[in-house]
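Consider the model below with its charged side chains in mind. The paragraphs that follow go from salt bridges to a helix, a surface patch and the relation between the chains.

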2 protein chains.
Amino acid sequence: MKATTGFSITTINQAYLELESEGIIQARPRSGFFLRKIIRKAPKVKINHPVEPDCRPVNRSSMIQSCMETVGDPRLIPLGLALPHESLLPVKRLGMVAAKVMRYQAAKGMAYESVQGNRDLRSKIAFRSLDTGVLFDPEQLIITSGTLEAITLALRTVTKPNDTVLIAEPCYFAFLQILESLGLRAVSVRSCPDKGIVLNDVKQVLQKFNIAACLLSPNFANPDASLMPSEAKQELVDLLTQKEIPIIEDDVYTEIYFTENRPEPLKAHDKEGLVLLCSSFSKTLAPGYRVGWLEPGRFKEEALKHKAGTNPHSATPNQMIVAEYLAQGDFDQHLKRLRKSAHAQVEAIQQRISQVFPSNTCCSRPLGGMFLWLKLPPEIDARTLFLKTHAKGVAIIPGNVFSCHQGGLKEFIRIGCGHPLTPKIEKGIHILGELLREMTKKGSNSCKGLCTRKLA
Amino acid sequence: MKATTGFSITTINQAYLELESEGIIQARPRSGFFLRKIIRKAPKVKINHPVEPDCRPVNRSSMIQSCMETVGDPRLIPLGLALPHESLLPVKRLGMVAAKVMRYQAAKGMAYESVQGNRDLRSKIAFRSLDTGVLFDPEQLIITSGTLEAITLALRTVTKPNDTVLIAEPCYFAFLQILESLGLRAVSVRSCPDKGIVLNDVKQVLQKFNIAACLLSPNFANPDASLMPSEAKQELVDLLTQKEIPIIEDDVYTEIYFTENRPEPLKAHDKEGLVLLCSSFSKTLAPGYRVGWLEPGRFKEEALKHKAGTNPHSATPNQMIVAEYLAQGDFDQHLKRLRKSAHAQVEAIQQRISQVFPSNTCCSRPLGGMFLWLKLPPEIDARTLFLKTHAKGVAIIPGNVFSCHQGGLKEFIRIGCGHPLTPKIEKGIHILGELLREMTKKGSNSCKGLCTRKLA
């Protein structure tokens, strides 16, 4: 090849990899690289300019609540929620397992479960952790009512009111609500949609502030779907371990990866028990069942005390049903299908966005999760857009709900991709595109240095 | 009658009522009064002497946890838990309803419920409130994961860390755990097993301390099963309303009344929306389902914010199942049976206690609930007794877990009456009685002025 092109093999390999990452070519096993059907892609979302970090009480709840009240409204076209649609979930099978458990183990399901949770379920979660790069001990796990209870417990375990917690900007709005509800302060570091949080920002914050804990989502963070590279995870854990700062890790979207392997959690790099890992079956099996878990690292005793002290028993039958479903061995097959569908849906919605949104709308290119993070054309305020789309019967989430700063991230929106691209969803995207085009003044179609690459 | 006895009718009526309340005679409809099979009864538990109230941080969790870990141990004879045994619950019927809901509404059950909770369930709870002396509006109710989440939410709504909360002594240990977990301080007022909290103590505390909220169980308080008379409820609400102090009311045992009618909640006397009523189906239908509610009075917006901020969705299928069960109209019949069984069990266990415990053991005479509050012979420490019974395979709860003072209530124990008086339970009571007799020195069998009455 060198003979015909004059380039070195390393250069050519690098070019192939770049073309593949852009989706222009595609590798087929034992056949080589092939051109894909080329689709226009919206430019990538780039990281914001650095700002001086500051530490503040969190007070965004009222705004978040008023936004979120409308998002689940069944009369709206659901571009807001980052949840798998029921067609992606094993509804029939889980329903049958559930019916069997409820009928034949009715009495057991009606009794209280222990504070730590169903032993059988804990064993099964521990067994599954074999694939994640970290092996859990069932005796260490605490079953919770969803990931959010796990995160609340973890925060209450390692902080007290008025302590400062390091978070990402953007940050999942429910985390901001929890921080406010617990009377905690927050300082944020930038997250880059490609690589997750900026480690230099973390270093700067650690120098300037007394940080009681970090609350982070290293894999497919909600809302920017960012994924931290393995080396960055290691460096982050080392950095925080030096200062003995506990890390509360949200691992809830990790199973929905489009990469070859499941990315490892921060916990896999944790030697000191400083990582409190929080996850659940809410994005992979049954959101409404509220079955999650906390692996509290070295803080088990204190975490159990808080669990006993506020919500001593998570619902019993829900835990039994999930344990029984896992015992049937169907979950891995289901996850494979779920990943494939989620990937296809994210790509399909990306493509439609590229076709109908103004060309200077930038879009994330997630490697997992169920949502897209969009930077709007510069003259558009997401809050205005939110009100306009709502009036037209479409639900989106404006970026400002993901910021702990008033007026922050108002140039962003999150689009959920949990629903298949039905005509209804297509219609929602078209309505949104039309609105954006109306709101965009003619002639201001440049991304003003925010995006480095544009594909034709 | 006057002609034959020489007493006035009023005096005679009064005598009949006293004899009936002592269980010596029994009224049969349209037949008159009849002698009951006379059983010896343990003397009543009387109220403790007053102590100077003090306000303190709550720090009893570790002790409570270490006690409670053993109480649910299935290898022990369960005299500890204050829960209905499965034979008292509609296991088969609820199991069938649950199986049907899980199978035929599987997808709905897997989706998130709204923050406020299932609308249908809220309507049904509101409809049932018609019988309680206060009519709820479904739009006011918030569905919670059990009563304890309702109480935690209520406390977080009306207090901030380091605030002082007025509680009863004895106080349900889970409340002490919540107070500690939320960093609250407590000041206690005495509760009298006959009449509930002592209003003079409340007045004294209100003069001396800045009280942010009260947390009380006016009907069949756990553990002393005390019931506040209606006039005392009115006076308490008036007293606290004058000072605009919110009252968090635990109403969870009220449905298990042995009286003719359901005692009304404090909420029925509340004109200003200051009462936050907390209850659940945990003692009447399915403990493990974790379906409760909060009627937050004038604090709805703030309570919803805290619900959204920590546990935004209570489990979906559990709410659907309870709503469907209530729709079938069987609940009232079940409650009648439950009350009858609970009453019979409480009386049967009382009787056995009278037969086998030292005669100076004093025992509460509850008009509802599922537990007995016992004052031990003066030389016995409940903590020692707890360890000894545990070693002999019997679970009881020592009184000190119900006190916010170190060393408080160590002369008391709580005996759960949720289990029918099977040979196993009989054996447990006998073991306990034997231990008590061994521990009681000969000749010290007086109640030392603690009990006013002894029945032969």
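A salt bridge here is a side-chain nitrogen of Lys or Arg within 4 Å of a carboxyl oxygen of Asp or Glu. By this rule, 43 salt bridges are counted over all chains. The model in which they are counted is a predicted one.

Side chains of opposite charge can pair when their charged atoms come close. One such pair is A:Arg262 with A:Asp251, whose closest N and O atoms are 3.0 Å apart. Both residues lie in the loop between strand S10 (247-250) and strand S11 (275-280) of chain A, eleven residues apart, and the pair links distant parts of the chain. Buried means under 20% relative accessible area. A:Arg262 counts as buried because its relative accessibility is 15%, and A:Asp251 is buried at 5%.

Another pair in chain A is A:Lys267 and A:Asp270, whose side chains meet in a salt bridge at 3.9 Å, N to O. A:Lys267 is buried, with a relative accessible area of 8%, and A:Asp270 also counts as buried, at 14%.

In chain B, the side chains of B:Arg262 and B:Asp251 form a salt bridge of 3.0 Å, N to O. Each of them sits in the loop between strand S10 (247-250) and strand S11 (275-280) of chain B, so the bridge ties together parts that are eleven residues apart in sequence. B:Arg262 and B:Asp251 are both buried. Back in chain A, salt bridges with shared partners join A:Asp251, A:Glu255, A:Arg262 and A:Arg339 into one network.

Helix H15 of chain A spans residues 423-439. Its 17 residues reach 24 Å from first C-alpha to last, close to the 24 Å expected at 1.5 Å a residue. Its buried residues include A:Ile425, A:Ile429, A:Leu432, A:Leu436 and A:Met439. Among the elements that cover the buried residues of H15(A) are helix H13 (331-356), helix H14 (382-391) and strand S17 (412-416) of chain A.

Where does the surface carry a nonpolar patch? A:Phe127, A:Leu130 and A:Leu135 form it, with about 370 Å² of accessible area together. A:Leu135 belongs to the loop between helix H6 (119-128) and strand S5 (142-144) of chain A, and is exposed, with a relative accessible area of 61%.

Finally, the two chains. Chain B can be laid on chain A with an RMSD of 0.2 Å by a turn of 180 degrees and a shift of 0.1 Å along the axis. This is the relation of a two-fold axis. In chain B, the C-alpha nearest the axis belongs to B:Ala99, 2.0 Å from it. The copies meet through the same surface, because 100% of the interface residues of chain B are also interface residues in chain A.

How values were computed
Residues are numbered from 1 along each chain as its sequence is written. Chains are lettered from A and ligands numbered from 1 in the order in which they are written. This is a predicted model: local features need pLDDT of at least 70, side-chain atom pairs count only at pLDDT 80 or more; totals for chains, interfaces and linings use all residues. Side-chain values use heavy atoms; hydrogens and water are left out. Helices (H or I, at least four residues) and strands (E, at least two) are DSSP runs, numbered from the N terminus. The expected span of a helix is 1.5 Å times one less than its number of residues. Buried means under 20% relative accessible area, exposed over 50%, partly exposed in between (1.4 Å probe, protein chains only). Contact means heavy atoms within 4.5 Å. Copies are superposed by least squares on the C-alpha atoms of residues with pLDDT of at least 70 in both. Patches are made of residues with over 30% relative accessible area and no salt bridge: like charges are joined within 9 Å, nonpolar side chains (Val, Leu, Ile, Met, Phe, Trp, Tyr) within 5 Å. Accessible areas come from the Shrake-Rupley method with a 1.4 Å probe; for residues, only the protein chains shown count as cover.
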